[in-house]
Amino acid sequence: MKLAIIGLPGSGKTTLFNALTRGHAAISAGGRSREANIGVVKVPDGRVDLLSTMYEPQKTIYAYVEYADVGGLDSSGEKDKPLDEKLWALVRPADAIVLVARNFETGGIAPTARPDIGKVESELILADLIVVEKRLARIEEDKKRGRKIDEEEHNLLSMCLTALEEEKPLRSLSEAASSPLLRGFSLLSAKPILWVINNGEKYAKVEGYETPPNTMVAEVCGQLEMELAQLSPEESEVFRGGLEVDAEPALQRIIRYSYALLGLVSFFTVGKDEVRAWTIVKGTPARKAAGVIHSDIEKGFIRAEVLAYGDLVEHGSYAQAQKKGLARLEGRDYIVQDGDIINFRFNV
Ligand SMILES: Nc1nc2c(ncn2[C@@H]2O[C@H](COP(=O)(O)OP(=O)(O)OP(=O)(O)O)[C@@H](O)[C@H]2O)c(=O)[nH]1
Ligand SMILES: [Mg+2]
């Protein structure tokens, strides 16, 4: 999973990036940093920890998240911003966007989280408008020259144009958010988004944030989370207990929200050589899930032997759960559930 961290200059993006990656990227002292920070972190998952203690495998592999902290946005509302174009190029490959809004005082300037979110959303819309208009102009030209055009694409893009002109992000348009025809354009406002309210030292409950479709809100105290992330896990837990911050570290919370936003679930493969977590979209059938591991397993799929994580834990071992008949053989269309432990049977 790839997540892009965006926001206005000085909103605390790099601070949050450091909290999420236990990193030490340079915090800006004013002005706009133009350096992108990229970091990969494993997805904390207690189930993988436990499976690993059970199987004592040679390798334990967690799912991972890639974060890109792309630097501050120009929110001038102008159309021609070459610097932002460079920045968007880093956001386009992301599966979802994390939008950081400043909810702390800076240099005597009061927090402006809600309007800041609006400004950034407008920039996403503007960037998409440029792409959609360009493509539509291209199609019109082809039409004039008597070339065959893709009507469905044309209709979809016209629909997008209308929404964007009405200042609506494309993620609120279910056709646009999910259409494979539009995937190639990597439209920014079509990506699911997590608004992160970066609170000051005082933990203020967020109120009055209506969330449109494919949008979620999370509150963090970026500065504290960064400081806690830089301690050892044990020390961090002790300190966290005495602070007015969420009991769950931001590092875990942001990932949990992102999984929910993207509708992702995990299944596991286990064995003496490797215990591993795999990420799929909720609703994926067994044969397609096998393809996440290897295309050969998908092609040669015979059956999936499935045991629910909870059943394994309850009975203490795979063999015990199997004795109770809890390990099932499922066919290609079985919808893989979060926490399934799967052994794929296939031939090549
Ligand atoms: N009080 C307070 N200050 C914060 C918090 N998060 C960030 N800051 C401060 O805000 C300033 C900017 O933080 P950065 O994390 O560099 O912000 P940024 O969004 O990465 O900035 P650019 O990359 O320049 O756009 C620094 O002085 C931080 O110490 C917070 O949660 N509380
Ligand atoms: Mg920064």
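## Packing of α4 and α5

Helix α4 passes α5 in a left-handed crossing. In this predicted model, the axes of α4 (residues 113-144) and α5 (residues 151-165) come within 10 Å and cross at roughly 145 degrees.

## Salt bridges

The structure holds 15 salt bridges. One of them joins the side chains of D142 and R147, with an N to O distance of 2.9 Å; R147 is partly exposed, at 46% relative accessibility. Another pairs D45 with R47 at 3.1 Å, N to O, and D45 is buried, with a relative accessible area of 11%.

E225 and R253 also form a salt bridge, their closest N and O atoms being 3.9 Å apart. Because E225 belongs to helix α8 (residues 222-229) and R253 to helix α10 (residues 250-262), the pair ties together parts that are 28 residues apart in sequence. Both residues, E225 and R253, are buried. A network of salt bridges links E225, R240, D246 and R253.

K191 is located in the loop between α7 (180-183) and β6 (193-199). K191 is buried but has no salt bridge, and the nearest side chain of opposite charge, that of D95, is 6.8 Å away.

The side chain of K191 instead reaches backbone oxygens: that of R92 at 2.7 Å and that of A94 at 2.7 Å. Beyond its neighbours within four places in sequence, K191 is in contact with residues including V91, P93, I97, R171 and S186.

Technical notes: Residues numbered from 1 in each chain as written. Chains lettered and ligands numbered in written order. Predicted model: local features only at pLDDT ≥ 70, side-chain atom pairs only at ≥ 80, totals over all residues. Heavy atoms only, no water. Helix = DSSP H or I, 4+ residues; strand = E, 2+ residues; numbered from the N terminus. Buried < 20%, exposed > 50% of the residue type's maximum accessible area, 1.4 Å probe, protein only. Lys, Arg positive; Asp, Glu negative; His and termini not counted. Salt bridge = Lys/Arg side-chain N within 4 Å of Asp/Glu carboxyl O. Polar contact = N/O pair within 3.5 Å; in protein donor to acceptor, adjacent residues only side chain to side chain. Contact = heavy atoms within 4.5 Å. Axes fitted to C-alpha atoms, helices over the stretch in contact; angles between N-to-C directions. Left-handed = near helix turned anticlockwise from the far one by under 90°.
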